[in-house]
Amino acid sequence: MERFRLVTLTNSAPSAAPTPLEQAGLSVFFEQSFSVEQAAKFKPAPETYELVANELAVQTSDLCLVACHL
């Protein structure tokens with residue numbers, strides 16, 4: 001059986017303020033958070049997704065995007 005890893009990728013820079021996921025009590029479901037700051041490019045630049053894939057040792061085709069916006 002395949003194991004799914006739940007991670008986040010945000011256009012926001014890391015900060016000390018609680019994230020929307022933390023405020024909603026959902027951050028406990030995610031193993032790791034990534035920021036586009038590490039790739040120095042905003043989504044949807046391919047480099048941002050390549051950064052996550054490289055860090056997780058998977059192909060970009062193994063990633064699944066789920067977006068949630070107000």
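Helices (H or I, at least four residues) and strands (E, at least two) are DSSP runs, numbered from the N terminus. The model is predicted, with residues numbered from 1 along each chain as its sequence is written, and local features need pLDDT of at least 70. Side-chain atom pairs count only at pLDDT 80 or more, while totals for chains, interfaces and linings use all residues; side-chain values use heavy atoms, without hydrogens and water.

**Figure 1. Overall arrangement of the protein chain.** The protein chain has two helices and two strands, which follow the order β-α-β-α from the N terminus. Its C-alpha trace spans about 35 × 30 × 20 Å along the principal axes. Of the 70 residues, 16% are buried (under 20% relative accessible area; exposed means over 50% and partly exposed in between, with a 1.4 Å probe and protein chains only).

**Figure 2. The largest pocket and its lining.** A pocket is an open set of points on a 1 Å grid over the protein atoms alone, where a 1.4 Å probe fits and protein lies on both sides within 12 Å along at least five of seven lines; lining residues have an atom within 4 Å of a point. The largest pocket holds about 1,700 Å³ of space. Its lining comprises 45 residues, and Val 7, Thr 8, Leu 9, Leu 21 and Phe 30 lie nearest the centre. Two or more lining residues come from each of β1 (7-10), α1, β2 and α2 (46-56). By class, the lining contains 24 nonpolar, 13 polar and eight charged residues.

**Figure 3. A nonpolar surface patch including Leu 26.** Leu 6, Leu 26, Val 28 and Phe 29 form this patch, with about 410 Å² of accessible area together. Patch residues have over 30% relative accessible area and no salt bridge, and nonpolar side chains are joined within 5 Å; a salt bridge places a side-chain nitrogen of Lys or Arg within 4 Å of a carboxyl oxygen of Asp or Glu. Leu 26 belongs to the loop between α1 (20-23) and β2 (32-35) and is partly exposed, because its relative accessibility is 38%.

Figure 4. Ala 40 is exposed, at 70% relative accessible area.

**Figure 5. Ala 57 in the segment after α2.** Ala 57 is placed in the segment after α2, and its phi is positive, near 60°. The residue Ala 57 is exposed, with a relative accessible area of 70%. Most residues other than glycine have a negative phi.

How values were computed: Patch = residues over 30% accessible without salt bridge, like charges linked within 9 Å, V, L, I, M, F, W, Y side chains within 5 Å. Areas by Shrake-Rupley, 256 points an atom, 1.4 Å probe, with all protein chains shown as cover. Points joined across faces, edges and corners; volume = space filled by probe spheres on them. Nonpolar A, V, L, I, M, F, W, Y, C, P; charged D, E, K, R; others polar.
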